[in-house]
Amino acid sequence: MPRFFVLLWLGVLSLKLAAATPAAVIATESKDRVTLSNGLVSAALALQTGNLLDLRLDGRSVLAEPAYLDWQDGRQRRLSAARMELRARPADTAGDRAEVAFVQTWSGQADTPAFDVELHYVLVAGERALRMFAVFRHPAAYPAAGFGQSRFVLRLRDELFETIAVDDDRFRELPPNDTPTEMLGPKESMRFTAGPWKGGVTDKYHYFTDVGDHFFHGWTGAKSKLGCWVVYGSTEDATGGPTRQHNTAHWGRMLFKILTCGHYGSPGIEVAAGESWEKIYGPWMIYLNSGADPRALQADAARQSLAERAAFPPAWLDHPAFAPAAARGAVVGRLVITDPQAPAQTAARAWIGLAASAPDWQQQSLGYQTWARADADGRFDLGAVRPGRYTLYAYTDGVLGEFRRDGVEVTASGRLDLGELNWTPLRRGRQLWQIGTPDRTAREFRHGDDYRHWGLWLEYPKDFPSDVAFTIGQSDPRRDWNYAQVTRPGPDGKTYVGTTWRVIFDIDSPPAKGDAVLRFAFAASHNAALRVRLDDHPLGENKKFGSDNAVARAGIHGQYSTWDLAFPAQLLTPGHHVLTLEQSAGGAPFKNVMYDCLRLEVP
């Protein structure tokens, strides 16, 4: 073989060997920062604040400004006087890993929330990612403290990233950061006022997502062929279960890993004086990829998220607040639904979860929850569960209410088989009629499949100039039942007044004696008051609604709740009847109830 080709072959071989052997991780400290590098990714970290000053893939910097951890108790709080600790030194891991922790102890000042906070960065050899996790701690000696939101925040470079990628539906190009806007209402809604994007509306809530099935989101660049993603393998740290909604990314090249989020009525963190509490959030990674078009980069991030889920709990995470694989257990079983009035109902794709016994799992934030979907036969496998005593919950589309089983004990390395769990959904009587399908959303109603845009509440007076009048057996929920019972402008065009909906139905023969029950399932509500009448008979009033603000935030669900309203069945005489639903609270455009379903059951 000619010498030139021998040298070329040896050069290619050496490149292949170099690619197969990842470069060692190194950590270098200077006056104001510590820098981690593995030959692919480098990250510069500020010594006192723990801010991510610079993040590079193959030498290209992706951040427009330093990224940071914050938590909010009415004021934005950040690490400001942290001490840097090198928890895993490359010299001690044979160059395989470096871990840097930034630890801040509560100052003792009464005007600051009483928490100790840790932020950890981990760089692993051969990975195009910076791994992270955070720990919040409240010793029993500390006074009561709380915060409503905590998150890790990145702003990416405008010239490198233009396509937001939350999921398959929300994958679109957004205008440059300097595009002028005007504020709409609420303040998060903005309209572009110049350039090719003029007239378009952007709103961070349009990019919120449910926790349950979501494990990655990010930004890509068609010209740069770069992707920057938040990827994680578990949602056990999430507050409020699989229906909790949280921010992902939005215009301005913003990218987030949300730790706690109080939007849509979800709980924040509240710890009492004398209460000892600690919680680890994460791990997650800032994953970087390159060399392909935006859709291919998204597909690669999806594969990475699947790998993270398969590898959870990761072996590299060594912290007292984190339960390693050997300390965790599993719960398996099969959910079977038996409902004589809906014999075809199954538990296929039901959500099955382990959480504390109280309060409502939607309002739990201090502990951990593990959720998974059942398979087509209702079988479930909840793996990698932290040891403890739980309540098992289940809910599924088509069933009003939820299943629960208390006293589920999870032990280290244990595999608890609950066998067949029989769920007979609660019925108050024979179902006479139903509007909607129980699924904890308003998806099947008007605008329920087209809701992530600004100003839907303004469409109500146009769509229903005389309010909703729904005739059982004739009307179509997708056309004739609005996704939310909102207010409307009053006669002066300035104030907002409540609205009155009517449900019209016929009774062929009187039901048996006893109580009929009008069963409400609400997908959301906001500062509402609902009065209910049957013909000329007042049946009841409900003012115990939440304030999840789902309508203003372009959602079709917030905090799920139910209300069973009993009344004498003798009122259901043969003939024509009108059920009146008066949402009486006015004065603002966003006071509303959002129905999941409405059902009449009779003896």
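The model is predicted: local features need pLDDT of at least 70, side-chain atom pairs count only at pLDDT 80 or more, and totals for chains, interfaces and linings use all residues. Residues are numbered from 1 along each chain as its sequence is written, and side-chain values use heavy atoms, with hydrogens and water left out.

**Cores**

A nonpolar core is a set of buried Ala, Val, Leu, Ile, Met, Phe, Trp, Tyr and Cys residues joined through side-chain atoms within 4.5 Å. Buried means under 20% relative accessible area, exposed over 50%, and partly exposed in between, with a 1.4 Å probe and protein chains only. The largest core holds 62 residues. Leu52, Leu55, Phe136 and Phe152 have the most contacts inside it. Strand E26 (residues 277-290) gives this core its largest share, five residues. Strands (E, at least two residues) and helices (H or I, at least four) are DSSP runs, numbered from the N terminus. Another core, of 59 residues, lies apart from it; Phe256, Tyr264, Ala552 and Leu600 are among its members.

Contact means heavy atoms within 4.5 Å. Not counting residues up to four places away in sequence, Leu52 touches a set including Leu63, Pro66, Tyr121, Leu130 and Phe152.

**Sheets**

Two strands pair if DSSP finds at least two bridges between them.

| Strand | Partner | Bridges |
|---|---|---|
| E2 (residues 33-37) | E3 (residues 41-46) | Five |
| E39 (residues 515-526) | E42 | Eight |

In E3, Ala46 stands opposite Arg33. Asp564 in E42 is the bridge partner of Arg519.

**His577**

His577 sits in strand E43 (residues 575-583). Is His577 buried or exposed? It counts as buried because its relative accessibility is 2%. A polar contact is a pair of N or O atoms within 3.5 Å; within protein, one must be able to donate a hydrogen and the other to accept it, and residues adjacent in sequence count only if both atoms are side-chain atoms. The side chains of His577 and Asp535 make one of 2.7 Å. A polar side-chain atom of His577 also lies 2.6 Å from the backbone oxygen of Thr573. Leaving aside neighbours within four places in sequence, His577 is in contact with residues including Val503, Phe505, Leu534 and Leu571.
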